[in-house]
Amino acid sequence: MKDWKVLLVDDEKEFVMTLAERLGMRGIKVTTAFSGEEALGTMETYKPDVMILDLMMPGMSGLVVLGRVKRLYPEVEVILLTGTGSASEGVTGMDQGAFDYLTKPLQIDELINKIGMAVKKASSAD
Amino acid sequence: MKESLFMGKVTAAMTHEMKNVLAIISEAAGLAQDLLGPSDESVFPLKNRFLNIMGKIDNQVTRGSDILGVLNYFSHVPDDEQRQENLDEVLNQTLFLSRKISRLNGVDLVTEQTDSPVILDYNPLKSRMLLYRMLEFLAPLVGKGSEIMLRAWRFHDGSAGVCFTVKASASSTFSLTEMLNGSSWGALETEFRTEKASIGPSGNNSLMLSF
């Protein structure tokens, strides 16, 4: 878990900062971004194993960010966060290359489990 | 139609916002639990009380999230003027949305699932409105401690309906037919006819809604 590098992307700053602290307490290296544009900028110099990406953000939407990430950095696995009860957005994202999706509010153990599986997939592709 | 679409659109956006609020509350409570976890009770004597409170917050976040999930689905119902739906699922959602009716009247609302799906081809907003309307009418009529059971029904001609069966509380007995005589049942029948649906008695303590 200590070697896992995660980029957490969501425009809800309080959510991002709190979740980042919780993941950090579990030994995960977390970098944060508050928009799709900022996330793509970060990735020019920092390559995470896994990106946790909110789907509904102002400016560049999560699905657009997902498309760019999968084109430019196919080795990075993306876990999508959806705010609605419907699974359709998450499934659409998986069709476009996302590793998986989770619905907010999150269960931390479930998130860590998914990050672990995504890291495993990312490292087996190396 | 335009109005209900607008209402649905705004409600969907608001449920999304509320999910984000719950997510922040959930993470904040989780962080507090994480911070308290390793602490010793001799250092922080209220540790267990705080953990208990955080657990309550967690439970309410889950409850709120479930409600928002159904509300979000409901907000998209007006998107189609006609849709084929599994009637069991429609009944489950409607009962979830009718919890207030159940709580205010002290009546249990339950569904009995069918062995094979009954498909309803109807206006999805109207079907829910008619079901809700029936529950709004029946719950105060049958009274506290009673049960209203809903079951999807397929008629011989292939059309769909819902059977409402009422059970009195253990301490009372009643005849639904007699109760309907002293109620505004006639007005309700007319209201349903204008929506191209019909309602009528079906046995002693049952009513049938046909779409």
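Author: One may begin with burial. In this predicted model, 41% of the 211 residues of chain B count as buried.

Reader: How many helices and strands does chain B have, and in which pattern do they follow along the sequence?

Author: Chain B comprises seven helices and seven strands. Their pattern along the sequence is α-α-β-α-α-β-β-α-β-β-α-α-β-β. The radius of gyration of chain B is 22 Å, well over the 17 Å that the globule rule gives for 211 residues, so chain B is more spread out than a compact globule. The C-alpha trace spans about 70 × 45 × 30 Å along its principal axes.

Reader: What share of the contacts in chain B between residues at least 6 apart joins residues at least 24 apart in sequence?

Author: That share is 71%.

Reader: Which residues touch the most other members of the largest nonpolar core?

Author: The core has 36 residues, and those touching the most other members are B:Leu87, B:Leu131, B:Ile148, B:Leu150, B:Phe164, B:Leu209 and B:Phe211. Several elements of chain B each supply at least two core residues, including helix H3 (87–97), strand E4 (147–154) and strand E7 (206–210). The largest share, eight residues, comes from H5(B). Apart from this core lies another, of 24 residues, among them A:Phe15, A:Ala20, A:Ile115 and B:Ala23.

Reader: With which residues is B:Phe211 in contact, leaving aside neighbours within four places in sequence?

Author: The contacts of B:Phe211 include B:Leu87, B:Leu120, B:Tyr122, B:Leu131, B:Val162 and B:Lys196.

Technical notes:
Residues numbered from 1 in each chain as written. Chains lettered and ligands numbered in written order. Predicted model: local features only at pLDDT ≥ 70, side-chain atom pairs only at ≥ 80, totals over all residues. Heavy atoms only, no water. Helix = DSSP H or I, 4+ residues; strand = E, 2+ residues; numbered from the N terminus. Rg over C-alpha atoms; globule rule 2.2 N^0.38 Å. Buried < 20%, exposed > 50% of the residue type's maximum accessible area, 1.4 Å probe, protein only. Contact = heavy atoms within 4.5 Å. Core = buried A, V, L, I, M, F, W, Y, C linked by side-chain atoms within 4.5 Å.
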